Amino acid sequence: MTGMVSSRNVHIDTVMWTPQFWQIWISFMTLSSAGMAVVSVAKTMMTEIFAKALPLIVTGTFTSYYIMMISAANLTGRLGWSWASDSLGRKTVFTIFFASSIPLFLVIPNLAQWVVTTGSEFYLSMFYISTLLIYSMFGAGYATTPAYEADLFGPKYCGAIHGRMLTASAAASVVGPMIITRLRSIAERNAINQLVDTVDPAVFMQRFGASLDQLDVLIKAKTVTINKLLQIAPPGTIDPTPFLYNSTMYVAAGALVVGAISNFTIKPVNPKYMMADEIKPHVVKPTPVPKFTYGVCVDGSEYGAAAFNYVLRTMNKETERLVVVAADYPHIVAFHQPHWPNLPEEAHTEKRKLLLSCAQLANSLGIECEPVLLVGPNVGEAICFAVKFKNIDQLVLGQGSRRGIQAVIGTISKYCADHADCNVLFVKRGHLLTPSSNTNLTDSLPVSTNLGEWERIREESSTENITPISVYEIKKEESTNDTTINNKPQ
């Protein structure tokens, strides 16, 4: 049965194009029709046949218990056969249904005849057991068909497929009783005609007050019946009542043969009917919220160190990132930073060391940090360009006292405040004398702005997971007066 269990699904709109659907439909319909045939005539057979042959046993109470046992067999079959189908397979169980039901339907007419002719209780017991077995398999058909569909067509649309499959039950409930009624009516008419041939016409006229020419009208009006004809028939006439259901049982057995063939020929569903690709549910992934980016400018002075320390103590390492910017302007570096070497190459090296120290310190505290080195003549303009192409949300600058020429012509901080496309925060060095209470960072963060202490931390820190320094060259075209940014190779 493993080969009959599909790992893929057949769409509800495609399933009725598969031969397997109609094969199950025929098997289910014939099994239901045969079961309904027995259900509709069982009580009648018990009262008309067995009650006459064994009046002391087949009483009204016996018949009532028999109807109760029919319901019990139906329920037991639904549970028992369903459990068996899980291990034996659906097709195997349906094969058992047909292989068992066909001989039972064929033997029921003989059991009825033998009871009448012999009066034996054994044949009554055999009839009793046979009909209960048929009822159990009739109920089991309704219980196992949905699982049969799921094995062949996949479980995804099993509910909707079974809804369409139940049209077989609807057809059986209409066609089955119609055929049974028609067959019994034909059998009864034939039995009456046979009895009429044995009755004297004069006796018939005296008993029913009409001639044989009016037999059809008398039968339709229920004036002439088998029991009434037996009363005027010659002695020794055989009662045809036990034979009225023979054609019904034989037709039911024939229908089961058709169902058995249909079930036997069921094969796994052709892959062309399967859904090409199982559509996975669309999962909308949340758009990651970009981290808030701080930008801080360092230049080796105590003011840049104050800004850097302030950012480290106030930012949240889970939701915020840091871009450390240093500007390399070799032509005027000696004028601003007299404690650095005057040679441009050495100043460039010192800026790299400064950025590496900052990145190592931020990394040791679990902060995502990107060091950026800007090379160009205008420091303020370079920083403002860095704000744009690094998507900095807040720029933090160190601010000292403004004296002499700076008070007249302005400072780099003022230029950034006027031109940067983000908020600009100024930090004074006195802001760091009291450690921050921010618990996101370690308590080992130094409040000193001494560059030597930073150098010591850099030497003690690991260089792993440090983002390489990005170097950008800021140029201004003399012909167009446009500023360009070039990423310089390391």
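**Entry 1: strand E4**

I looked up strand E4 in this predicted model and asked how many of its residues are buried. I found that 5 of the 5 residues of E4 are buried, so the strand is largely enclosed by the rest of the structure.

I then noted which way the residues of E4 point. Gln 394, Val 396 and Gly 398 point one way, whereas Leu 395 and Leu 397 point the other way. Residues on both sides are buried. I recalled that side chains in a regular strand alternate between the two faces of the sheet.

**Entry 2: the neighbours of E4**

Which strands pair with E4? I found strand E1, residues 292–297, joined to E4 by 3 bridges, and the two run parallel. Within this pairing, Gly 295 has Leu 395 of E4 as its bridge partner.

I also found strand E5, residues 423–427, which pairs with E4 in the parallel sense over 5 bridges. Here I recorded that Gly 398 stands opposite Val 427 of E5.

I turned next to the salt bridges, of which the structure holds 11. Side chains of opposite charge can pair when their charged atoms come close.

I looked up Arg 321 and found a salt bridge with Glu 368, with the closest N and O atoms 3.5 Å apart. Arg 321 lies in strand E2 (residues 320–328) and Glu 368 in the loop between helix H12 (344–364) and strand E3 (369–375), so the pair ties together parts that are 47 residues apart in sequence.

Are these two residues buried or exposed? Arg 321 counts as buried because its relative accessibility is 15%, under the 20% cut-off. Glu 368 counts as partly exposed, at 38%.

I noted a salt bridge between Arg 321 and Glu 370 as well, where the closest N and O atoms are 3.0 Å apart. Glu 370 lies in strand E3 and Arg 321 in strand E2, so this pair ties together parts that are 49 residues apart in sequence. Glu 370 is buried, at a relative accessible area of 12%.

I followed Glu 370 to Lys 390, with which it forms a salt bridge; the closest N and O atoms are 2.6 Å apart. This pair links distant parts of the chain, 20 residues apart: Lys 390 is in the loop between helix H13 (379–389) and strand E4 (394–398), and Glu 370 is in strand E3. Lys 390 is buried, with a relative accessible area of 14%.

Finally, I recorded that Lys 291, Arg 321, Glu 368, Glu 370 and Lys 390 are linked in a network of salt bridges.

Conventions
Residues are numbered from 1 along each chain as its sequence is written. This is a predicted model: local features need pLDDT of at least 70, side-chain atom pairs count only at pLDDT 80 or more; totals for chains, interfaces and linings use all residues. Side-chain values use heavy atoms; hydrogens and water are left out. A salt bridge is a side-chain nitrogen of Lys or Arg within 4 Å of a carboxyl oxygen of Asp or Glu. Helices (H or I, at least four residues) and strands (E, at least two) are DSSP runs, numbered from the N terminus. Buried means under 20% relative accessible area, exposed over 50%, partly exposed in between (1.4 Å probe, protein chains only). Two strands pair if DSSP finds at least two bridges between them.
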